[in-house]
Amino acid sequence: MTDARRDELAERLVLVRDRIARSAERCGRSPEDVTLVVVTKTWPSDDVRRLCDIGVSDFGENRLQEAERKAAELRDLPISWHFIGQIQSNKAHRVAKFASLVHSVDSVKVATRLDGGAEREGRSVDCLVQLNLDPGDRAAGRGGVRSVSLEDVASAVEAAPALRLAGVMGVAPLRADPVGAYRQLAADAKRLQALHPRARLLSAGMSGDFEAAIESGATHVRVGSAILGERPPNR
Ligand SMILES: *Cc1c(COP(=O)(O)O)cnc(C)c1O
């Protein structure tokens with residue numbers, strides 16, 4: 001049976017993997033050190049199946065209900081879920097049920113509630129502290145803590161029995177050069193790692209700018225539209 005969507009996804013996946021490999025090589029890094037997280041928000045579970053079939057194992061979602069539904073529908077697949085969206089602290093325990101790596105821990109309260117959920121599930125959840133790379137633009141609602149409170153949130157994660165502090169995450173500001181933002185993020189990541197040596201992951205870069213992120217040391221890039229196609233605005 002022919003599946004045009006599968007062919008389209010496979011074609012775009014090859015292009016993205018190639019761009020990742022070339023930017024890693026350009027800065028003397030190994031392509032294997034960069035994990036591709038394919039962001040499937042707004043796209044159906046069947047697309048996740050197709051991508052899993054062609055070798056993708058890491059998937060990102062940013063809305064709780066949609067993520068829960070897909071995780072339940074796709075329970076049979078050998079894949080990991082990354083939660084990359086803003087978390088309301090009163091719902092954080094639900095994220096702990098399905099996520100392997102939570103990229104968007106941005107308060108002590110979210111860390112505490114995630115830990116409670118993980119503990120009840122008997123799971124251990126890896127966490128990144130999300131930094132706000134655009135302090136002048138909180139209205140955009142992209143979330144994240146300021147550099148100054150990074151250590152407070154990181155310490156709360158580190159102290160939580162069912163969570164593991166794994167590193168930091170950032171989203172580059174809209175309509176701005178991402179290079180400066182990613183350099184700042186890399187500096188914060190280094191500062192954190194000096195205090196917490198095992199926190200060595202850096203999640204940065206999306207479809208439009210992941211090359212710049214890789215050059216700043218990203219270990220995880222979160223790529224949606226370059227593989228799945230354009231989404232409705234604001235998703
Ligand atoms: C949607 C989203 C992405 C992927 O964006 P694309 O531009 O489609 O690659 C990455 N990170 C976060 C936090 C997102 O919400």
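Select R231 and the ligand to begin: in this predicted model, a side-chain N or O atom of R231 sits 2.7 Å from an oxygen atom of the ligand. With G224, look at the backbone instead, where an N or O atom lies 2.8 Å from an oxygen atom of the ligand. How much of the ligand's accessible area does the protein cover? The answer is 88% of the 390 Å² that the ligand has on its own.

Next, show the whole shell around the ligand: V39, K41, N62, I84, M206, S207, R222, V223, G224, S225, R231 and R235.

Time to turn to the rings. The whole structure holds two aromatic pairs. For one of them, select F59 and W81: their ring centres are 6.0 Å apart and their planes meet at 45 degrees, so this pair is tilted. F59 belongs to strand β2 and W81 to strand β3, 22 residues apart in the chain. Is F59 buried or exposed? F59 is buried, with a relative accessible area of 0%, and W81 is buried too, at 6%.

Then pick F83 and F98, an edge-to-face pair with 6.3 Å from centre to centre and 75 degrees between the planes. You will find F83 in strand β3 and F98 in the loop between α4 and β4. Both F83 and F98 are buried.

For a last stop, select R5 and W43: R5 lies over the face of W43, 4.8 Å from the ring centre.

Technical notes. Residues numbered from 1 in each chain as written. Predicted model: local features only at pLDDT ≥ 70, side-chain atom pairs only at ≥ 80, totals over all residues. Heavy atoms only, no water. Near = heavy atom within 4 Å. Polar contact = N/O pair within 3.5 Å; in protein donor to acceptor, adjacent residues only side chain to side chain. Areas by Shrake-Rupley, 256 points an atom, 1.4 Å probe, with all protein chains shown as cover. Phe/Tyr/Trp six-rings, centres within 6.5 Å; stacked < 30°, edge-to-face > 60°. Helix = DSSP H or I, 4+ residues; strand = E, 2+ residues; numbered from the N terminus. Buried < 20%, exposed > 50% of the residue type's maximum accessible area, 1.4 Å probe, protein only. Lys NZ or Arg CZ within 6 Å of the ring centre and 35° of its normal.
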